[in-house]
Amino acid sequence: MKITLTFLLVITSLSLSMAHAEIYKKVDANGRITYSNLGAPNAVPLKIGTKPIPKPVKKAAAPQKSPKKKVSKTKRSTHATVSKRTQSKRDETRKKILIDEYKAEKEALLAAQQAYKDGLANPEVYRKKNANGTVSTFRNLPKFNKKITKLKDDLQSHERNIELLQKEIYALQ
């Protein structure tokens with residue numbers, strides 16, 4: 001229940017900030033890649049075709065004029081604007097990067113699935129020499145469970161990354 005609630009909160013926050021979302025990529029000590037819209041420690045923001053917006057240049061103060069009747073004028077925004085063509089190019093670049101990351105994540109998922117299958121097929125064992133000279137083989141269940149848990153976590157991580165990348169790509173269409 002807690003994981004589902006957390007997942008829903010992440011997805012909701014992603015959908016609310018889709019227009020200005022920044023994506024971070026984090027590789028942990030085990031080589032697992034995680035994508036997020038939250039900047040975690042050691043996470044690297046993905047450069048998705050954005051250029052820094054120049055700050056507006058302030059004009060020198062004009063000499064004081066005599067007070068006249070005030071006329072209501074709509075104020076122009078001081079924020080820099082981007083042409084539709086430029087924004088379209090940025091969106092296409094972002095989409096290409098996301099698709100490339102999606103393909104890489106799909107390949108990593110296939111490798112994780114194979115590793116999980118191989119892990120299930122190869123149980124952990126240890127051998128003990130008996131007093132009569134024979135050798136007994138025993139399953140090392142704690143070691144096996146630890147290995148399978150790690151492989152399953154890795155598999156689920158790749159599945160979550162793919163799902164989030166799909167949503168980001170879909171939002172750009």
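The 38 residues of α2 should span 56 Å at 1.5 Å a residue, and its end C-alpha atoms are 55 Å apart, which agrees; the expected span is 1.5 Å times one less than the number of residues. The model is a predicted one, in which local features need pLDDT of at least 70 and side-chain atom pairs count only at pLDDT 80 or more, while totals for chains, interfaces and linings use all residues. Residues are numbered from 1 along each chain as its sequence is written, and side-chain values use heavy atoms, with hydrogens and water left out.

Staying on α2, colour its buried residues, which are R90, R94, L98, E101, Y102, E105, L109, A112, Y116 and G119. Buried means under 20% relative accessible area, exposed over 50%, and partly exposed in between, with a 1.4 Å probe and protein chains only. These buried residues of α2 pack against β1, β2 and α3, and a contact means heavy atoms within 4.5 Å.

The C-alpha atoms of E168 and R94 are separated by 9.7 Å, although the two residues are 74 apart along the chain. E168 counts as buried, at 5% relative accessibility.

Next, select the open sheet, whose three strands have the order β2-β1-β3 with antiparallel pairing. Because β2 (33–36) and β3 (44–45) stand at the edges, each with a single partner strand, one side of each is left without a neighbour in the sheet. Two strands pair if DSSP finds at least two bridges between them. Strand β1, residues 24–27, is joined to β3 by two bridges, with K25 standing opposite V44, whereas β1 and β2 pair over four bridges, with K26 standing opposite T34 in β2.

Then follow the chain from β1 to β2, which form a hairpin with five residues between them, and pick out G31 in the turn, with its positive phi of about 85°. R32 also has its place in the loop between these strands, and at 18% relative accessibility R32 counts as buried. Leaving aside residues up to four places away in sequence, show what R32 touches: K26, V27, D153, D154 and S157.

Finally, display R139 together with F144, where the charged end of R139 sits over the ring of F144, 5.1 Å from its centre. A charge sits over a ring if NZ of Lys or CZ of Arg is within 6 Å of the ring centre and within 35 degrees of the ring normal.
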